[in-house]
Every structure is written in C-alpha cells, then in structure tokens.
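Hi everyone, thanks for coming.

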Amino acid sequence: MRSSSVAPAVFLAASLSLAAWTPAVAQQPGITDTEIKFGNIMPYSGPASALSVTGKVFAAYFDMINERGGVNGRKLNMISLDDGFSPPKTVEATRRLVENDGVAFMFGTMGTAPSSATAKYLNGAKVPHLFLISSASKWNEPATRPWLMALPWAPNYVEEAGIEVRYARAKNPNARFAILYQNDDAGKDYLRGVRQALGADADKAIAMATSFEVADPTVDSQILTLANTKADVFLIYSVTPRACAQAIRKAYETGWRPTRFIASGCANKDTVMVPAGLEAASGIMSVVALKPYTPDSKDAGLVAYADFMKSRLPNVDPANFAAGYGYMVAQALVVVLEQCKNDLSRANIMAQAANLKNVSLSMLLPGITLNTSPTDYRPIKDGYMVEFRDNQLVVISDLLRGGS
C-alpha cells in the first residue's frame with residue numbers, strides 16, 4: 001500500500017490487482033480499463049477523529065469488493081486524506097485529490113462544514129461529490145448544486161428535528177424545549193427544523209436555545225444555563241461525539257430529567273453513551289434509518305455485517321454507529337457504479353446517483369430504501385425512533401415520515 005501525506009494525511013487505498021478488463025470509452029481522469037480512482041476526506045485527527053471509523057470501513061469494504069473482481073471489471077482505488085475536521089485543510093486536500101491525484105470524483109467527505117468549504121470548487125469544476133456525510137438540507141439543491149449529493153444516516157436535520165418535536169408533543173402537547181446546537185450550518189439547520197415544527201408556538205415553546213463551537217473543550221456552561229430553564233424536553237444537536245457525551249453527562253449531574261433527544265449522528269453507544277455513563281444515557285432517544293446492531297441478532301443483513309467487521313476490522317466494535325453507517329454508504333456507492341456500467345463519465349456518475357429507485361440496502365431498517373431523482377437529492381427521508389435502554393438502542397416506533 002502506498003502512502004501520501006497532507007499536513008497530516010492518511011492514505012487508505014483499496015487493494016489493487018489485475019482484473020478482467022472492458023474496453024474503455026472516453027473517460028475523465030481517474031478511470032482506466034482496470035481502475036476507478038476516487039477521493040475521500042476524513043477527520044483522522046482533531047475533535048471529530050472518533051468518526052474516522054467510517055473511512056476505515058469504506059477502505060475495508062472496497063478491499064472486499066476488489067477481491068471479488070471489482071465493479072464491472074474495474075478495481076476501486078480510494079485515496080483518503082486527513083483534514084482534522086478543519087475546513088481550510090479540507091480545501092487543500094480536495095484540490096490535491098482533484099488536481100494532482102486526478103480522481104474521478106469525491107466520495108463521503110465527513111461533515112457539513114468541511115463539505116461546505118469545497119462545495120463551490122467541486123460544483124464549479126463539475127466534479128461529483130457523492131454521498132458526502134451531512135444531513136444538512138442544503139445538499140438537496142440540484143438546480144444550483146447539481147454535482148453534490150449527501151447520504152445522511154437519517155432524514156436531513158430539518159426533518160429529523162421535526163420528527164423529534166412531533167414525537168415529544170404527542171406525549172406532552174404543552175412541552176417546553178431547551179436546545180443545545182452546534183454553531184455552524186448544520187446546527188442552525190436543526191434549530192430551523194425545531195422552529196418550523198413548532199410553528200406559531202415556537203417563541204413560547206422554546207425555553208432557550210444555546211450554541212457551542214466544535215473546538216470548545218466542554219459544553220458544561222451551556223448545559224448549566226439550559227438546566228436552569230427546567231424545560232420538559234432537551235434537544236441535543238452535535239456531530240462530535242465528545243460534545244454529545246458531555247451534554248448528556250452534565251445534564252444528568254444537575255438532576256435535570258427532561259425527555260431527551262440526541263442528534264442521529266450521536267446515536268452511538270461506543271463513542272457517546274459509554275463516555276457519558278450508561279446510567280446517564282439511559283432513556284435518551286434519537287431518529288435513525290440504520291438497524292441498531294445487537295450481537296445476538298438473526299437479521300441476515302446484520303449477520304453479514306458482523307462477519308465483515310470480525311474478519312476485516314476486528315478491533316472495531318460492530319455496534320459503533322459510524323462503522324455501520326460506513327458499511328451502508330460504501331454499499332450505496334457500489335450500486336451507483338454498477339448502474340453506470342461502462343459509461344464512467346462524470347456526468348453519468350452523477351446521473352446514476354440521481355436515479356436511485358427503491359434501493360434496498362442490508363443495513364437499512366424495514367420500509368426505508370434509497371430514492372433520488374434529478375429534482376430530489378434526498379436518498380433517505382424517513383426514520384424510526386430509537387431509545388437507549390438496557391445498554392443498547394431499541395426501536396420504539398413505527399416508521400416515521402420526515403415530510404416534504
């Protein structure tokens with residue numbers, strides 16, 4: 001395996017070997033008769049480094065695909081660089097991948113702020129960025145950003161917030177809400193979703209909303225302020241496991257016992273619930289589209305996933321949400337590339353991503369399939385409510401629609 005560096009950088013490449021070849025049509029950089037080369041950026045260092053498990057699963061999954069012959073006779077070569085979850089580094093790494101490494105497309109960059117920093121460049125250069133990792137609603141803008149598509153782990157932040165608010169108000173119509181949110185586009189998206197769901201009652205129903213920065217060492221002061229509101233419902237939005245775990249722990253220590261919802265990206269026992277304390281995390285809810293992993297599951301998809309993790313990444317807990325999510329998104333990319341057949345032009349790669357019809361993936365909960373169109377770039381629109389109980393996430397609802 002080769003190595004590359006980008007202040008600092010990690011290079012994860014799916015293994016390469018000779019493959020049965022098919023005649024190449026005129027292609028852009030990154031495509032040969034035997035290879036599909038694409039770029040990825042992960043926070044292997046920095047405040048969101050716990051999420052880099054997703055990148056490791058990507059690489060392992062593509063290794064497996066290559067060992068089986070690749071996609072339509074071509075091996076998958078993913079070049080993955082570290083940005084430390086710092087948007088300026090994301091820009092540097094993206095330009096390197098496109099201009100120096102000659103990748104065909106970008107895939108699965110982690111985070112709203114990093115992906116936002118490169119959006120104008122990639123869209124202007126007509127380089128697809130497939131399945132970037134963010135639930136921000138702004139990625140569903142095919143008219144103005146036709147080369148960018150996200151594949152979140154749940155409905156987008158606006159819809160996720162709406163589902164949680166409606167669920168809470170069904171239990172307590174007069175509930176007052178306290179909100180902790182990350183001070184970036186994603187956090188503001190979530191807050192907007194809360195206000196939309198509350199409608200005319202928003203100003204009255206929101207006891208307090210306070211933000212934090214990703215680089216903040218703790219969120220303790222924000223939690224103490226929110227706890228003083230004695231609100232009935234506590235909504236926690238962050239993509240960083242550290243902030244989510246701190247928020248759960250500190251709120252519990254104050255003796256405040258509201259109904260609690262945590263962002264879907266933090267619905268992770270390994271990186272959030274355990275650090276927060278299992279007792280403190282008990283009862284917390286979230287909206288998810290992926291099947292919660294349990295070691296005794298008989299579900300065929302989860303069994304195959306568990307076998308994959310045991311053989312490919314034995315030191316990673318299969319219950320780690322970031323791992324299961326990485327497995328699902330890697331599957332989705334293979335579906336798109338298979339649909340491309342021998343036309344791997346950038347235009348056709350993007351066209352196939354925007355033409356997913358009832359794609360069923362093994363890690364998605366029942367009733368949830370991937371669907372996109374040239375006018376709707378939201379692959380996942382619905383989810384289920386889960387609750388952390390008995391040291392695991394348990395589905396507690398029927399399928400919940402995210403709305404339009």
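Predicted model: local features only at pLDDT ≥ 70, side-chain atom pairs only at ≥ 80, totals over all residues.

Residues are numbered from 1 along each chain as its sequence is written, and side-chain values use heavy atoms, with hydrogens and water left out.

When I say helix, I mean a DSSP run of H or I with at least four residues, numbered from the N terminus. H1 covers residues 53-67, and at 1.5 Å a residue its 15 residues should span 21 Å, which agrees with end C-alpha atoms 21 Å apart. That expected span is 1.5 Å times one less than the number of residues. Because 13 of its 15 residues are buried, H1 is largely enclosed by the rest of the structure; buried means under 20% relative accessible area with a 1.4 Å probe, protein chains only.

Now, which residues have the most contacts inside the largest nonpolar core? They are Phe62, Phe105, Phe107, Phe131, Ile248 and Met328, in a core of 148 residues. Helix H12, residues 321-340, gives the largest share of this core, 15 residues. A nonpolar core here is a set of buried Ala, Val, Leu, Ile, Met, Phe, Trp, Tyr and Cys residues joined through side-chain atoms within 4.5 Å.

Take Phe105: leaving out residues up to four places away in sequence, its contacts (heavy atoms within 4.5 Å) include Ile36, Phe38, Val127, Leu333 and Ile349.

Key:
Helix = DSSP H or I, 4+ residues; strand = E, 2+ residues; numbered from the N terminus. Buried < 20%, exposed > 50% of the residue type's maximum accessible area, 1.4 Å probe, protein only.
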